[in-house]
Amino acid sequence: MAKSLLIISRQAPWNGPSAREALDIALAGGAFDLPLGMLFLDDGVFQLAPGQQPGALQQKNLAANLQALPMFGVEELFACGHSLAERGLAGDALELAVEVLDDAGLTALIARFDQVVTL
């Protein structure tokens, strides 16, 4: 049986290629039916903010990649509640449906997966 993988995305979508790389890994893993989840932490929660205008920064929009996650079998999507609150984002007004976790939930989530990749 394949080992489970948790991808932690910590970078804002406009802060270099890390956010796109995390999504690419998740989509590739989902395409191969790997058991995986994705956690948006720290500035990574900005990827979930609605109404982004990445063209103004000459960046590609990640919204299509985010929306494709469930279609590729990546259905375990999580966000850090503390990170959302610090950045003024509401868990119920995000671009993608995610489970918002507190600190204890984050610890339990990370312990559940065999491997963790942070980008």
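**View 1. Contacts of Ser83.** Ser83 touches Leu41, Asp42 and Val45, with residues up to four places away in sequence not counted; contact means heavy atoms within 4.5 Å. The model is predicted: local features need pLDDT of at least 70, side-chain atom pairs count only at pLDDT 80 or more, and totals for chains, interfaces and linings use all residues. Residues are numbered from 1 along each chain as its sequence is written, and side-chain values use heavy atoms, with hydrogens and water left out.

**View 2. Setting of Ser83.** Ser83 belongs to helix 3, residues 81-86. Helices (H or I, at least four residues) and strands (E, at least two) are DSSP runs numbered from the N terminus. With a relative accessible area of 2%, Ser83 is buried (buried is under 20% relative accessible area, exposed over 50%, partly exposed in between; 1.4 Å probe, protein chains only).

**View 3. Backbone of Asp42 and side chain of Ser83.** A polar atom of the Ser83 side chain lies 2.9 Å from the backbone nitrogen of Asp42. Asp42 is located in the loop between strand 2 and helix 2 (63-68). Although Asp42 is not a glycine, its phi is positive, about 55°. Its relative accessibility of 23% makes Asp42 partly exposed.

**View 4. Loop position of Asp33.** Asp33 sits in the loop between helix 1 (18-31) and strand 2 (36-40). The phi of Asp33 is near 60°, a positive value in a residue other than glycine. Asp33 counts as exposed because its relative accessible area is 68%.

Conventions:
A polar contact is a pair of N or O atoms within 3.5 Å; within protein, one must be able to donate a hydrogen and the other to accept it, and residues adjacent in sequence count only if both atoms are side-chain atoms.
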